[in-house]
Amino acid sequence: MLICHPPAIAASEITPEAVYLARRRVLFGAAATAVAAWLPKPSWAAALPGLLPGDRLNTWREITTYNNFYEFSPDKEAVATLAGELPLHPWTVKISGEVEHEFEIGVDDLIRRFAQQERIFRLRCVEGWSMVVPWLGASLAPLLALARPTSRARYVRFVALLDRKHMIGQRRDSLPWPYTEALTIAEAMHPYTTLVTGLYGKPLPPQNGAPVRLVVPWKYGFKSIKSIVAIDLVETRPATTWNLVAPDDYGFFANVDPSRALARGSHSRETRIGESRKRRTEPFNGYGDAVTGLYQGMDEADRL
Amino acid sequence: MAVLLLRYRLDHLGVNPIEALIAESGQWAILALIGSLAITPAKHALMRVCTRVGYRFGRRASDWNWLIRLRRPLGLSAFLWAAFHAGAYFVLEVEGEWAWLLEDLRDKRHLAIGVATFFGLLPLALTSTNAAKKRLGKRWKPLHRLVYPMSILAVLHIDLQAKPGDPLAWPYAAAVALLLGYRIVVRLATGRGQLERDGELAADRARSPCRGATTENATAAICHPKKPGHPIFKTTRCL
Ligand code: HEM
């Protein structure tokens, strides 16, 4: 699999989507086994999920020209152009807080240490659209394990880059910068919770959150923070960006839930990018079997 | 609209064509609405400029009748774009399902406001013909003042549908605030409204013997607001 970094790949090296798709089928099985071996196996751990009936991978163009990334612009189609100049090298991620071993890791190191694998997940945005994306990445859990969280670590907080020079959307206070997200420690350790560094077997394009982003496929897209520079383990629930701005629409948990009408409207259906008819939205974005265990015994109202 | 539909058919509307279709038609609707609101202030401004620089043409209100004539098509196209916008929403977004539409209307405030705006504009479009104008007589004008609250509702609709932190609606809000604010200022200053006066003056001109004097003086006065005798300071019907 191609994992190199910009300045990167000659056009001739880029796997055509069709070839890629064929190859993927073989790789995916192997990758799933690999990750299963990697992880301590909690009772709810499952093999990596497959696609739902009718799911079709979205194209490179669809995934890379339609991006919510307020750091650059609220205009989803402008982001790809504006993000082009973001310097991605060098880039480190700092892991700190309630851990025995604080450390900083370069993205290249991260990629080398944690076998990057194909992970196909649906991405469901609160705006009511969704895509099926072949990410390249690895579970977050082993990275966190490396830091040895203390017993006080109950939440994991992620902080994205603050760079007013290149992220021109940050020159306005459209959101409180830097973008911050968080998960409970149990959510963060779930094998589906993925640190992503690539897309379609190539390095992640800046508009998709290069060089390293989070993907939490059973939650609305805004939880999947982009361009991460710090991961902080903390004891109390941290403030998170969208939740601060509009808590009624952007809950802390924000699990995909078609039965819950938020302030900006119901979430019973979605536009799958590339399709002209609407689809019904699945609870937990179709990943319920693997993740409902995380929320057992939790009050409905408590997990908005 | 045909061009927009064609771009939709040809898949030239980007990655989420349904969203793009609704967004673009909505933008044309609000732009046309703002355009129609801008006509009268634009006329006043142009008359003022023409008088300042000493042009013969353009000092009189009647020189700008061609501009005023743009108002009806602009207003109508605002309505037609809104209808297209609402139609695109109904066909593509809720796929023609009434139950779904009702659910959506209940859940989304901005949608209810949009629909209210649309039904506020509807009677204005229906009574935009000369025949309707004659039939309604004196009631036509008050009816068509509905456009002011409707433009505020439209801006509200747009701002509420935008995500927090998205300044999409601000330029529209600024334009509507400016254009309505202008009318309020004029109304406060004259006591009863320059805009109505204009209409009355035109009507007077048509029937009164002092017609020439009426327009000339009034225009000169409008163009020199500091001069006593300007309607802003003194309200007289026939100068
Ligand atoms: C029956 C009436 C209407 C309906 C059903 C309607 C529906 C919608 C919908 C669904 C959206 C997209 C927001 C979303 O995804 O929820 C929208 C946005 C918008 N609407 Fe309407 N609307 C109506 C009337 C109007 C009117 C009368 C105007 C203007 C005069 C207008 C202007 C706009 C604009 C400018 C946008 C923002 C587009 C963008 O994203 O740039 N709408 N409307």
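Mentor: One term to begin with: helices (H or I, at least four residues) and strands (E, at least two) are DSSP runs, numbered from the N terminus. This is a predicted model, where local features need pLDDT of at least 70, side-chain atom pairs count only at pLDDT 80 or more, and totals for chains, interfaces and linings use all residues. Residues are numbered from 1 along each chain as its sequence is written, chains are lettered from A and ligands numbered from 1 in the order in which they are written, and side-chain values use heavy atoms, leaving out hydrogens and water.

Trainee: OK. What follows H2(B)?
Mentor: Gly54(B), and its phi is positive, near 80 degrees.

Trainee: And where in helix H2 of chain B is the kink?
Mentor: At Ile39(B), shortly before the proline Pro41(B); the kink is about 40 degrees, and the helix covers residues 17–53. The bend at a residue is the angle between axes fitted to the seven residues ending there and the seven starting there.

Trainee: New topic: how many residues does each chain put into the contact?
Mentor: Chain A gives 31 residues and chain B gives 21, with contact meaning heavy atoms within 4.5 Å.

Trainee: How many salt bridges cross the interface of chain A and chain B?
Mentor: The rule finds 5 there. A salt bridge is a side-chain nitrogen of Lys or Arg within 4 Å of a carboxyl oxygen of Asp or Glu. One of them joins Arg269(A) to Glu97(B), at 3.5 Å from N to O.

Trainee: Which parts of chain A touch chain B?
Mentor: Helix H2 (60–65), helix H7 (241–245) and strand S11 (269–272) of chain A each supply at least two residues of that side. H2(A) has the largest share, 3 residues.

Trainee: What about salt bridges inside chain A, say the partner of Arg152(A)?
Mentor: That's Glu98(A), at 3.3 Å from N to O. The two sit 54 residues apart, Arg152(A) in the loop between H5 and S5 and Glu98(A) in the loop between S1 and S2.

Trainee: Is Glu98(A) buried or exposed?
Mentor: Buried, because its relative accessible area is 19%. Buried means under 20% relative accessible area, exposed over 50%, partly exposed in between (1.4 Å probe, protein chains only). Arg152(A), at 44%, is partly exposed.

Trainee: Last one: which residue does Arg157(A) pair with?
Mentor: Asp232(A), in a salt bridge of 3.2 Å, N to O. Arg157(A) is in strand S5 and Asp232(A) in strand S10, 75 residues apart.
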